[in-house]
Amino acid sequence: MKKIAIFASGNGSNYEALANACQEGKVNAQIVLVVVDNPNAYVIERAKKYGHTVFVFNPQEYQKKRLYEDLILNELTNYEVELICFAGYMRIVSKYFLNNFPGKIMNIHPALLPSFKGAHAIRDAYEFGVKVFGVTIHFIDEKIDGGIIIDQDSFRVEGNISLAEVETKIHEMEHRLYPQALQTVLMEE
Ligand code: GRF
């Protein structure tokens, strides 16, 4: 079974969706490490519930990105991580980090890439007035929200819908799509 790490920064609902899918055998992977860049993130509580090992760091305590990235890389080596899933990890990784895991870092983005890149994708799409929203699972490369697309899904909205309703629908879609896309990647390897 492939050993994977999940990287997250906040709430962690996508982490939990992946953790459930692994537990239920829908995804043939073992989560050996959860990497969190925010000591106050709720995802840490979620990870405790699953008994997963968490590596928490505070980027502000380091003068250079390289310093904490080396710490993370060291943990990934110790836990023999083969594949990484970013799940709401709000930090850009360096080329140096990427080169250590080429083509081995997946990410979830709450919009239909290449539209609405960036940290406020749902709100941006909503304010633009799109009629079709969606979710993208892709590999990470040097371009922000770039890289090869693994899978996408979408839904159409009719009439009036609030931003909160769109967010709920997107998150439900994310929790379905990410485990599915991860399993596809695992089967192809
Ligand atoms: C998700 O919408 C994800 O697409 C985006 O950040 C959000 C994280 O949510 N990159 P959660 O922490 O998994 O609940």
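The ligand sits in the largest pocket of this predicted model. On a 1 Å grid over the protein atoms alone, a pocket is an open set of points with protein on both sides within 12 Å along at least five of seven lines. A molecule counts as sitting in a pocket if more than half of its atoms lie within 2 Å of the pocket's grid points. As the model is predicted, local features need pLDDT of at least 70 and side-chain atom pairs count only at pLDDT 80 or more, while totals for chains, interfaces and linings use all residues. Residues are numbered from 1 along each chain as its sequence is written, and side-chain values use heavy atoms, with hydrogens and water left out.

Around the ligand stand Asn11, Gly12, Ser13, Asn14, Gly88, Ile108, His109, Pro110, His171 and Glu174, where a neighbour is a residue with a heavy atom within 4 Å of the molecule. By class, this shell holds 2 nonpolar, 7 polar and 1 charged residues; here Ala, Val, Leu, Ile, Met, Phe, Trp, Tyr, Cys and Pro count as nonpolar, Asp, Glu, Lys and Arg as charged, and the others, Gly among them, as polar. At least two shell residues come from each of α1 (13–23), β5 (105–109) and α6 (163–188). Helices (H or I, at least four residues) and strands (E, at least two) are DSSP runs, numbered from the N terminus.

Now for the chain as a whole. Its 6 helices and 7 strands follow the pattern β-α-β-α-β-α-β-α-β-α-β-β-α along the sequence. The C-alpha trace spans about 50 × 40 × 30 Å along its principal axes. The radius of gyration of the protein chain is 16 Å, which agrees with the value near 16 Å for a compact globule of 189 residues; this radius is taken over C-alpha atoms, and the globule rule is 2.2 Å times the number of residues to the power 0.38.

Two loops hold backbone details. Leucine 113 and proline 114 are joined by a cis peptide bond, with omega about 10°, and proline 114 belongs to the loop between β5 and α5 (121–128). Glutamate 80, in the loop between α3 (65–78) and β4 (83–86), has a positive phi of about 55° although it is not a glycine.

Notes
On a 1 Å grid over the protein atoms alone, a cavity is a set of points where a 1.4 Å probe fits but cannot get out, and a pocket is an open set with protein on both sides within 12 Å along at least five of seven lines; lining residues have an atom within 4 Å of a point.
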